[in-house]
Amino acid sequence: MNNKYDLIYEGKAKKVFSHAEADKVIIEFKDDATAFNALKKAKFEGKGKLNCLISARIFELLIKNKISTHFIKLENENTMIAQKIKVIPLEIVLRNIAYGSLCKQTTIKPGTVLAKPLIDIYLKNDELNDPLITKDRIELMNILESKDLDLIIDLTLKINKILKSFFKNIHLQLVDFKLEFGYDLKKNILLGDEISPDNCRLWDLNQNNDTIVSLDKDRFRNDLGGLIEAYSEINRRINDFI
């Protein structure tokens with residue numbers, strides 16, 4: 001990264017730098033992998049590039065479908081230019097199939113297809129371990145107005161329809177995913193962060209039996225191995241389809 005740009009923020013998987021234009025930022029994707037609130041860490045060469053390329057294609061797809069995102073363009077294979085946003089400290093998780101924490105916290109069995117998409121909202125706060133949060137608590141903490149939360153929920157449901165259809169076309173089942181949103185300088189709500197195998201749970205539909213084959217960060221979380229191979233396969237399928 002050119003030294004003339006200032007590092008604004010460094011997260012678990014990305015660095016955000018200033019841009020020559022004040023309303024834009026440069027986002028550099030890292031090769032770091034983390035799980036369980038960064039209690040588990042590793043590096044995988046090429047992971048940042050794959051997440052950046054996959055995210056760019058997904059953002060382009062959503063923009064074509066009238067979803068406002070922070071994405072502007074790819075700068076190179078592991079860096080993108082994006083609108084500068086003030087991130088809303090909420091993580092919006094949409095679940096189509098029960099898996100992971102939902103099954104640990106309820107009596108719902110893993111693999112259960114949900115009658116309708118479930119949206120869980122978490123407070124984006126590492127110190128509190130990103131707790132599940134209610135609409136009333138969001139209002140109590142003055143995180144955002146109820147109309148903006150309603151808009152975010154509506155956008156999340158629309159994004160789910162677009163992504164479910166897209167991933168099915170490339171023989172992937174969208175189990176669940178996490179979104180983050182923010183306000184641009186004109187107070188518009190934009191989809192931010194990334195959409196990649198790091199924050200989507202994707203199962204391979206090219207199976208002749210009921211075995212679950214994860215092509216996402218569960219390969220790291222659950223010590224399955226083959227993380228780069230899985231991410232590369234998703235990138236290949238996207239490029240072959242688009």
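**One residue and its surroundings**

Modeller: Happy to! Let's start with D120, which belongs to strand β10; strands here are DSSP runs of E with at least two residues, helices are runs of H or I with at least four, and both are numbered from the N terminus. Before going further, please keep in mind that this is a predicted model, in which local features need pLDDT of at least 70 and side-chain atom pairs count only at pLDDT 80 or more, while totals for chains, interfaces and linings use all residues. Residues are numbered from 1 along each chain as its sequence is written, and side-chain values use heavy atoms, leaving out hydrogens and water.

D120 counts as buried because its relative accessibility is 12%. Buried means under 20% relative accessible area, exposed means over 50%, and partly exposed lies in between, using a 1.4 Å probe and protein chains only. Setting aside neighbours within four places in sequence, D120 is in contact with E91, I92, V93, R95 and L132, where contact means heavy atoms within 4.5 Å. With R95 there is also a polar contact, side chain to side chain, at 2.9 Å. Such a contact is a pair of N or O atoms within 3.5 Å; within protein, one must be able to donate a hydrogen and the other to accept it, and residues adjacent in sequence count only if both atoms are side-chain atoms.

Strand β9 has 7 bridges to β10 (residues 113–123), and the two run antiparallel; strands pair if DSSP finds at least two bridges between them.

Not counting residues up to four places away in sequence, L90 touches a list of residues including I121, Y122, L123, I133, L149 and L179. L90 and F181 have the most contacts inside the largest nonpolar core, a set of 56 residues. A nonpolar core is made of buried Ala, Val, Leu, Ile, Met, Phe, Trp, Tyr and Cys residues joined through side-chain atoms within 4.5 Å. Helix α4 (residues 146–169) supplies the largest share of this core, 9 residues. The core also takes at least three residues from each of domain 1 (7–83) and domain 2 (86–226). As background, nonpolar side chains tend to be buried together in soluble globular proteins.

That brings us to the two domains, whose bounds come from an automatic or database domain assignment. Their C-alpha centres lie 17 Å apart, and 29 residues of domain 1 are in contact with 26 residues of domain 2.

A last stop is S196, in the loop between β13 and β14 (200–204). S196 is buried, as its relative accessible area is 1%. Beyond its neighbours within four places in sequence, S196 is in contact with N51, I54 and S55. The side chains of S196 and N51 also make a polar contact, at 3.4 Å.
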